[in-house]
Amino acid sequence: MSTSPAGPPPPADGLVSAARRNLRELAHGLSHASHPSTPLLAGAPKPWQRMLPYVVVLALTATFIPVTINVLTTQYDMPGALAGALGVAQAAPLLMLAHRPLQAWWIIFPADIAGALVALSRSTGPDALWPWTAPALIAYLFLLLALGLRETRRTVVGVWVVTAAAGAALHLIAPDRTADSALLMSIIGAVVLVIGAAVRERGEATRRLAEQETISEAERAQRTLLEERTRIARELHDVVAHHMSVITVQADSAPYRISGLSEPAQEEFASIAAAARESLGEMRRLLSVLRSDGTEGDRAPQPGLDRLQQLVEATVRAGLPAELSLAAELGEVPPAVDLSAYRIVQEALANVVRHAPGARTQVSVRAAAGHLNVLVVNGPAPKPAAPLESTGTGHGLVGMRERVRLTGGTLDTGPLPDGGFRVAARMPLPPAMSPSAPPPSEDL
């Protein structure tokens, strides 16, 4: 006989498997806390806020232990020892609500059931609640609130289902007893759990949003830094290309300028010229990668200290009272330092125009002790006025830092006591180019 291939499982089997899987997940949620044992409000900024959960649970415990014992002895006619044991078991675990509410539930819930079974065998008054006593009901609601604030949705749903099922089972055991407290526990407990879960999920959403904003801010800062480095690299391309072109021309013209060169020397100069051309080509290819799509290279010569006077005059015409103090003898300044000094002054003046329009500004450029010192100081705005930009992008200061870092110098920026701002850059000059460097001594 031939057997037909096994088909898909019947729908009933799929439902049973899903039910078993859900029960396993429910049991895991009820037996494993979804959070570390850190107390509520552990990350609060103020000490009293961090201590508040402990104060609350201490107050709850100190209140419910004597109240529970008194109710069990007076309304449910229990002996003092038994009432004391049940009262402590039902209320003392409230101390754990601040950091381990699920573990507290595993103690309080069986104690409440035990209290209901003991009360079933005792003579009670007509107004006595059953199966949950009034103190046990109220304390249990505080427990559910703590669970809703700390545990996942699956766990709190499981706690509510188990609690409602226990109330229904106790009612079936004694159908002649009123089960008002079981119904109250199911209805009010569901409301409390929903409120706690809503507060917890809102807090988690706020925390994730704050983390995302922090990540976005870091990404923006990194992108700004990379953009500034790319712009600086494009500007320095002309400086480096000039030197490479000079090397190429000198190596190519050496056999014609210097007579009597040997064959190996001519080959060496040719090799130097070829290497310089190759390096220049690689640098241009690198620049094409750094350049943004759709942008053209800047063909104008890069500015330097010789154009600072024009820059300050243009700023004065724009309405900013600025003064320039430029040393007459700066000596020979390296091209990278020359360009960086101009850009730092340009960025500093632009920041004054944006954030303190009309403020009096002093620009000073000096060479001393083998360093080029660039200082831009502005005072407060002459009259209260909204700045042109309330929040800057940060490109100005980032660009200054990167330029100074490129030259191996230091940058100091910050507000002044009178409400102004100060930008001070110090960039090293090669000893041979420093006007203050003493001439080398000669041995006689």
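## Overall make-up

The protein chain has eleven helices and five strands; helices (H or I, at least four residues) and strands (E, at least two) are DSSP runs, numbered from the N terminus. This is a predicted model, in which local features need pLDDT of at least 70, side-chain atom pairs count only at pLDDT 80 or more, and totals for chains, interfaces and linings use all residues. Residues are numbered from 1 along each chain as its sequence is written, and side-chain values use heavy atoms, with hydrogens and water left out.

Of the chain's 444 residues, 34% count as buried, that is, under 20% relative accessible area (1.4 Å probe, protein chains only).

## Nonpolar cores

A nonpolar core is a set of buried Ala, Val, Leu, Ile, Met, Phe, Trp, Tyr and Cys residues joined through side-chain atoms within 4.5 Å. The largest one has 40 residues, and Leu94, Leu97, Trp105, Tyr140, Leu143 and Leu144 touch the most other members. Two or more residues come from each of α2 (47-74), α3 (80-91), α4 (101-120), α5 (134-150), α6 (153-173) and α7 (180-257). The most come from α5, which gives eight.

Leaving aside residues up to four places away in sequence, Leu143 touches Leu97, Pro101, Ala104, Trp105 and Ile108 (contact means heavy atoms within 4.5 Å). A second, separate core has 30 residues, including Ala348, Val365, Met400 and Val404.

## Helix α4

Buried residues in α4 include Pro101, Ala104, Trp105, Ile108 and Asp112.

Methods:
Buried means under 20% relative accessible area, exposed over 50%, partly exposed in between (1.4 Å probe, protein chains only).
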